[in-house]
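Subject: Handover of a structure and a summary of its features

Dear colleague,

Please find below the structure that I am handing over to you.

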There are 2 protein chains.
Amino acid sequence: MRTQQIVLAAIEQDLKAAGLPPLGWYDVLLELTRAADGRLRPYEIEERTLLAQHNLSRLLDRMEKAGFVHREIFSEDGRGRWVVITEAGIAMRSHMWTVYASALQRHLGDKLDDTQADQLSELLALLSRRS
Amino acid sequence: MRTQQIVLAAIEQDLKAAGLPPLGWYDVLLELTRAADGRLRPYEIEERTLLAQHNLSRLLDRMEKAGFVHREIFSEDGRGRWVVITEAGIAMRSHMWTVYASALQRHLGDKLDDTQADQLSELLALLSRRS
DNA sequence: TCAATATAGATGTAATTGCATCTATGTCCA
DNA sequence: TGGACATAGATGCAATTACATCTATATTGA
């Protein structure tokens, strides 16, 4: 818990210092760029990012207001929405990645070699497996 | 980040299900019980828990209102305060520990053997070392 | 000594998160 | 069919957190 707090805070700090939005925005933008047509249903983003439904709904409000995504109706289910990444959103993800990648290098990559990183990854996978 | 989120959420959930306060309260109570005379200066708690100063100040407000700590003046430095744990605070920490310990067992202990736990601990120590 | 600066802690205000609930659809089965 | 229940997403409101700043006291150096 402590290590995560330290590392995450350091990474967020680097993003903030570069005048960029927090990591949650990156996570959403990344999932959208990965998706076919750059669009996902809110619940799909929710599953992939572990964001709570109401938090995602409001994060999407902010991101929409900032022009990085927009919502469209989903005609196959009247309850659904599409969340579509915009050109500005694509550009922002790419810009964030330059900063994020160097933060990852500094705060993770420089501290573990490849073997250690693999070990850590495997141990954490054991922990996240649902019991 | 993902694993931490999953495990922490599971532990917090167990505490909440038992009608207990969140982990941050435990951290503060634990530091106070460890300290001589059950008292620390706010900045000492801050260092030990990584809580931001303004967040700790307000957390202490809540804990004081709940009767688990109280603040006293620190006569050697007019700017300072003592934070002192109460009997109710001691009892609450102990009560939380019973739930917390079993949550740790369920969400961590059952998933790693001792060797793996040591490995994880060492890897995380590498990450939290300041570069 | 005193002005400049630093430190401890509190607090006003805004942003975010959590919780409960709401609306609108959709699905299922008697 | 239609009533019961489920699901997708939004939202009102309360609690928490973040940010900036404030007050009070200490320290330091000219």
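Helices (H or I, at least four residues) and strands (E, at least two) are DSSP runs, numbered from the N terminus. On that basis, the elements of chain A run α-α-β-α-α-β-β-α-α from the N terminus on, which comes to six helices and three strands. Please note that the model is predicted.

**Overall dimensions of chain A**

Taken along the principal axes, a box of roughly 50 × 40 × 25 Å is filled by the C-alpha atoms of chain A. Chain A has 131 residues, of which 18% are buried. Among the contacts in chain A with a separation of 6 or more, 48% are between residues 24 or more positions apart.

**The sheet of chain B**

Chain B holds an open sheet of three strands in the order β1-β3-β2, and the pairing is antiparallel. Its edge strands are β1 (39–40) and β2 (69–73) of chain B, each of which pairs on one side only. Helix α2 (residues 23–34) of chain B packs on this sheet and touches β1, β2 and β3 of chain B. The direction of α2 makes about 95° with that of β3(B).

As to the individual pairings, β1(B) is joined to β3 (residues 81–85) of chain B over two bridges, in the antiparallel sense. Within this part of the sheet, L40(B) stands opposite V83(B) of β3(B).

P42(B) has its place in helix α3 (residues 42–49) of chain B.

Leaving aside neighbours within four places in sequence, P42(B) is in contact with L56(B), S57(B), L60(B), R81(B) and V83(B). One of these, L56(B), is 14 residues from P42(B) in sequence, and the C-alpha atoms of the two are 7.6 Å apart in space. Another, V83(B), is the residue that L40(B) stands opposite in the sheet.

**The two protein chains**

The contact between them takes 24 residues from chain A and 24 residues from chain B. On the side of chain B that touches chain A, α1 (2–17), α5 (87–109) and α6 (114–128) of chain B each supply at least two residues. Of the elements, α6(B) gives the most, with eight residues. By class, this side of chain B has twelve nonpolar, seven polar and five charged residues. Since 100% of the interface residues of chain B are also interface residues in chain A, the copies meet through the same surface.

**The DNA strands**

DNA strand C is surrounded by 21 residues, and the closest are H54(A), G78(A), Y43(B), H54(B) and S57(B). The elements that give two or more residues to this surface are α4 of chain A together with α3 and α4 of chain B. The surface near DNA strand C has five nonpolar, seven polar and nine charged residues.

Around DNA strand D there are 21 residues, and the closest are P42(A), Y43(A), H54(A), S57(A) and G78(B). In this case α3 (42–49) and α4 (53–65) of chain A, together with α4 of chain B, each supply at least two residues. The residues of the surface near DNA strand D divide into five nonpolar, seven polar and nine charged.

Yours sincerely

Key
Residues are numbered from 1 along each chain as its sequence is written. Chains are lettered from A and ligands numbered from 1 in the order in which they are written. This is a predicted model: local features need pLDDT of at least 70, side-chain atom pairs count only at pLDDT 80 or more; totals for chains, interfaces and linings use all residues. Two strands pair if DSSP finds at least two bridges between them. Two residues are in contact if their C-beta atoms, placed from the backbone, lie within 7 Å. Axes are lines fitted to C-alpha atoms, for helices over the stretch in contact, and angles run from 0 to 180 degrees between N-to-C directions. A residue is near a molecule or strand if its C-beta atom, placed from the backbone, lies within 6 Å of it. Ala, Val, Leu, Ile, Met, Phe, Trp, Tyr, Cys and Pro count as nonpolar, Asp, Glu, Lys and Arg as charged, and the others, Gly among them, as polar. A residue is buried if 20 or more other C-beta atoms lie within 10 Å of its own, exposed if 12 or fewer, and partly exposed in between; C-beta atoms are placed from the backbone.
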